[in-house]
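This report concerns a cavity, the salt bridges and a surface patch. The sequence and structure are shown first.

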Amino acid sequence: MSVVSSDVPDREQPTFQTIFILLISGLECAVGVIGNGFIAAIHGTAWARRRRVPLCDRILLFLSVSRILLQIWMMVENTYSLLLWRAYSQNTVYTLFKVILMFLNYANLWLAAWLNVFYCLRIAHFTHRLFSLLRRKVVALMPWLLRLSLLACLCFSLPFSRDIFQVYANSSVPVPTLNATEKKFFYETNLAGLVLLMYLGICVPLVLFVLAAALLILSLRRHSRLMRSKASGSRDPSMEAHLGAIKALSYFLVLYILNAIALFLSMSNLLGPTSTWNIVCKVIMAAYPAGHSVLLILSNPGLRRAWKRC
């Protein structure tokens, strides 16, 4: 089964639309590179200085580096697709962009999921024996799980180079008003193969992220209610911290889900390359790593103090 997207006209997009998209994506790229670069610099310096850092900080470092690469690559792809679309529409170039984009997106999703799982296992408090067993086993195996996840990202992204995307052009057609001809490009997608690869690469980390976030929010809410019932009327800083963590986790969850949906729609070619919804998907995909890095800095006391010292 295949789906053919709407044709790409052999004319430049409206100047205002092109400039608007590049400005928005450029702003998101700048915010993401600055935010993730700051996180990577803090944890990278600590790792180089102490030779050993907590596992949580290592995951944050890897996540930040992957997001810097992702944002830069998305900016390059936006520039090519908007300003150099003739070169972008070549099969080899188009496939190369998609394979690298999918690997970086998969890595981003998996690392964010494992970071959330790690937070859940270390912070959440449940008395069930299964949770205690998972806490011991998963935390001990986390370095190996990270390596296996990156290997899985590579395995799930490489098939995008074969039988998933195809770009072709039909015969040139006359354009009477311009006294010229135009060549229309079509993007064909093997939807069945795409759904399978997306399911394997997106749904598994998505389920992990949602489950870990839900358990962590549940644990924090229960602890907050317990602290509120024992409070003497004055505002407890510890309770405020718990409520802030719940709010930040809720934002993380919404961003993560929106990004996963936007990634699938954008890669499916069901939307026209210049359609409003495709532009919205690209904006969401670029906003996720930038927004998540800002939330990480604001919600992490150590990173927040380091940012204020800069």
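In the classes used here, Ala, Val, Leu, Ile, Met, Phe, Trp, Tyr, Cys and Pro count as nonpolar, Asp, Glu, Lys and Arg as charged, and the others, Gly among them, as polar. On that basis, the lining of the second largest cavity comprises three nonpolar, two polar and two charged residues. The model is a predicted one.

**Cavity.** Three cavities of 30 Å³ or more are found in a search of the whole structure.

| Salt bridge | Closest N and O atoms |
|---|---|
| Glu77 with Lys98 | 2.9 Å |
| Glu77 with Lys282 | 3.9 Å |

Because Glu77 lies in helix H2 and Lys282 in helix H8, their pair ties together parts that are 205 residues apart in sequence. Glu77 and Lys282 are both buried, and Lys98 is buried as well. Glu77, Lys98 and Lys282 are linked in a network of salt bridges.

**Surface patch.** Ile72, Val76, Tyr80, Leu83 and Leu84 make a nonpolar surface patch of about 400 Å². Val76, found in helix H2, counts as partly exposed because its relative accessibility is 30%.

How values were computed: Residues are numbered from 1 along each chain as its sequence is written. This is a predicted model: local features need pLDDT of at least 70, side-chain atom pairs count only at pLDDT 80 or more; totals for chains, interfaces and linings use all residues. Side-chain values use heavy atoms; hydrogens and water are left out. On a 1 Å grid over the protein atoms alone, a cavity is a set of points where a 1.4 Å probe fits but cannot get out, and a pocket is an open set with protein on both sides within 12 Å along at least five of seven lines; lining residues have an atom within 4 Å of a point. Grid points are joined across faces, edges and corners, and a volume is the space filled by probe spheres set on the points. Patches are made of residues with over 30% relative accessible area and no salt bridge: like charges are joined within 9 Å, nonpolar side chains (Val, Leu, Ile, Met, Phe, Trp, Tyr) within 5 Å. Accessible areas come from the Shrake-Rupley method with a 1.4 Å probe; for residues, only the protein chains shown count as cover. A salt bridge is a side-chain nitrogen of Lys or Arg within 4 Å of a carboxyl oxygen of Asp or Glu. Helices (H or I, at least four residues) and strands (E, at least two) are DSSP runs, numbered from the N terminus. Buried means under 20% relative accessible area, exposed over 50%, partly exposed in between (1.4 Å probe, protein chains only).
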